Amino acid sequence: MAKTIPHSLFSEFDINLFKGGKHFKLYEKLGAHIMELNEDKGVYFAVWAPSAKAVSVIGDFNGWNSEENPLNVRWDESGIWEGFIPHVKKGAIYKYKIISNVDDIVTEKADPFARRCEQPPKTASVIWEGSYEWNDADWMGYRKNKNGLDKPYAVYEVHLGSWKRNANNEFLSYTDYSNDLVSYVKEMGFTHVEFMPVMEYPYDPSWGYQLTGYFAPTSRFGTPEEFKLLVDKFHQNDIGVILDWVPSHFPEDAHGLGFFDGSHLYEHPDRRKGYHPDWKSLIFNYGRNEVRAFLISNAIFWLDQFHIDGLRVDAVASMLYLDYSREEGEWEPNMYGNNENLEAISFIKELNSEVYKSFEGVQTIAEESTAFSGVSKPIDLGGLGFGMKWMMGWMHDTLEYFKKEPVYRQHHQNDITFSLTYAFTENFMLPFSHDEVVYGKKSLLYRMPGDEWQRFANLRLLFGYMYTHPGANLVFMGGEFGQSSEWNFQQSLDWHLLQYEVHSGMQTMVKDLNALYKTYPALYEKQFSPEGFQWISYGDHQNSILSYIRKGHDAENDLVVVCNFTPIVRDNYRVGVHKKGTFKEIFNSDNKKYNGSGTVNGSVKSEMVSWNGFKQSVEITVPPLGFVIFQ
């Protein structure tokens with residue numbers, strides 16, 4: 001039998017916070033906790049199931065017998081059931097069997113707060129308690145100086161199940177990744193790694209975006225402590241770790257959060273607000289205090305227990321709008337008669353407020369694809385309070401432009417320049433993410449037109465344009481070496497391609513671009529401010545050339561960038577400059593070491609020839625399908 005707890009983990013204060021939606025460390029209270037009670041070592045269980053009339057713990061320690069270990073409901077109307085079961089040990093597997101007071105419905109559920117889950121397709125929770133000694137004190141001490149909005153963000157997006165696999169096409173482990181992946185990301189010069197969801201998920205084709213174990217790193221790759229080791233190793237190598245986090249929806253799997261205690265506990269009871277037609281999944285009830293506390297506790301958990309440096313929040317647009325992906329009649333306006341989900345907006349603001357208040361030097365990043373105003377503006381200025389927002393419009397326009405044959409680009413100059421009309425309305429991160437290389441869209445390389453040489457030159461130019469455009473940068477794994485096939489979550493990237501010069505040259509250029517980005521403050525100090533960018537010329541559509549200046553705090557470090565979107569070499573091309581003196585070429589994507597044609601400049605002196613509205617100008621050679629940077 002489960003014993004009544006004379007000293008519950010919950011105080012009256014905890015319960016009041018929970019009911020009020022203000023308890024943001026619920027993982028310290030709910031779930032399964034190994035402890036000692038009256039000299040008996042065992043496990044304290046606590047689960048929220050307010051519509052239950054009976055809850056018991058079933059597991060391999062009691063033959064999955066629901067009569068053996070019933071829990072007791074608390075007297076305070078919190079809906080929390082709790083109890084202590086002696087002699088249960090770490091590694092035991094369990095679920096909650098819940099008999100609902102709604103039509104006696106019976107559910108068997110994994111623990112929403114489990115720290116570890118069985119490896120799918122198995123679905124039980126695992127009693128877990130592990131100690132880990134962190135070795136990242138240096139990083140945690142200076143993180144705020146590395147992770148600020150005026151610092152470089154060159155993010156490498158990774159799907160752990162398919163970055164690399166062993167010879168038998170089996171997953172590598174967190175421990176393997178703490179060697180292989182960490183050394184690769186460091187060698188390539190990325191400042192951050194972003195993991196597609198690592199929280200436990202039952203279905204591989206969801207890529208992790210349909211979560212069932214919100215507090216457990218997936219057991220596919222090892223233990224929670226081994227995942228901590230991976231994060232720790234990144235930190236020891238000066239690399240920040242961002243996690244994809246999914247508070248927007250969850251799957252209907254029988255062992256998951258849906259219909260938890262026979263009622264709509266976590267999901268909104270109105271299907272117009274509680275069911276997502278695109279993903280065939282359930283939507284959290286953002287107006288319910290305890291659900292808000294669950295989600296914010298989960299965000300805090302990863303930052304607190306796993307030293308995570310940022311959360312990229314998935315599918316924010318779907319949370320903001322009541323009519324997202326819905327036809328007329330499938331949604332109901334809010335109290336003001338419009339389409340904004342006021343409860344979700346309030347939740348997002350509280351989430352960001354709590355995260356930034358509780359942790360120094362972290363960032364939240366919104367994947368948000370609409371024109372919703374103020375996503376990355378502070379809450380006290382009327383914004384949602386995110387640190388950054390993905391620039392989906394820029395990504396779409398840029399890839400549309402690049403897929404056109406160069407001869408037609410002169411008619412579409414506006415597509416490639418339009419982003420600068422709104423580039424500073426938010427703190428934008430420029431994403432070439434996993435979403436752009438699946439479902440028949442082709443790899444980035446094969447979205448480029450032309451023969452092999454032109455494809456690679458276009459791809460080098462694409463990355464150069466991204467890194468010199470205002471904003472932070474994100475590259476999905478494989479893009480950095482010109483992966484030729486679409487991303488396939490069931491197998492490793494095509495690392496064998498690096499034996500070919502075209503691919504190794506591409507990889508070398510991205511590595512050098514990361515080094516350049518981190519070395520020159522003009523590329524990041526004012527990346528979210530109009531003061532950090534100045535057009536030289538966006539009107540030379542006939543030659544399909546753009547030229548602009550990037551600026552940091554010190555005018556001595558200004559950079560001049562020229563991009564040529566055609567395969568024609570432009571000799572004696574005149575560019576206006578804002579300063580007198582010698583301009584040195586510090587980067588050229590056509591360098592032979594990148595498998596380019598070798599059309600490079602050395603240093604050029606400005607002349608008193610007015611051009612592009614400037615008093616001085618320089619004459620340069622602009623390489624084919626290339627970009628050059630001068631200082």
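**Figure 1. Pairing of strands β17 and β18.** Leu311 has Thr364 of β18 as its bridge partner. The two strands, β17 (residues 310-313) and β18 (residues 363-366), run parallel and are joined over four bridges. Strands, like helices, are DSSP runs numbered from the N terminus (strands: E, at least two residues; helices: H or I, at least four), and two strands count as paired if DSSP finds at least two bridges between them. The model is a predicted one, in which local features need pLDDT of at least 70 and side-chain atom pairs count only at pLDDT 80 or more, whereas totals for chains, interfaces and linings use all residues. Residues are numbered from 1 along each chain as its sequence is written, and side-chain values use heavy atoms, with hydrogens and water left out.

**Figure 2. The eight-stranded barrel.** Strands β10-β11-β14-β17-β18-β19-β20-β21 form a closed barrel with parallel pairing. On average, neighbouring strands of this sheet are turned by 25° against each other, direction ignored. Helix α9 (residues 392-402) lies across β19 and β20 (428-432) and runs at about 40° to β20. Axes are lines fitted to C-alpha atoms, for helices over the stretch in contact, and angles between N-to-C directions run from 0 to 180 degrees.

Figure 3. Met388 belongs to strand β19 (residues 388-390). Its relative accessibility is 0%, and Met388 therefore counts as buried (under 20% relative accessible area with a 1.4 Å probe and protein chains only; exposed is over 50%, partly exposed in between). Leaving aside residues up to four places away in sequence, Met388 touches Leu149, Tyr153, Gln363, Thr364, Ile365, Ala366, Ser376, Asn427, Met429, Ala472 and Phe528; contact means heavy atoms within 4.5 Å. Ala366 lies 22 residues from Met388 along the chain, and their C-alpha atoms are separated by 6.3 Å.

Figure 4. Buried residues of α4 are Pro224, Glu225, Phe227, Lys228, Leu230, Val231, Asp232, Phe234 and His235. Just after α4, Asp238 adopts a positive phi of about 70°.

**Figure 5. The chain as context for the close-up views.** The chain contains 13 helices and 29 strands, and 61% of its 631 residues are buried. Its C-alpha trace spans about 90 × 55 × 45 Å along the principal axes. Of the contacts with a separation of 6 or more, 72% join residues 24 or more positions apart.
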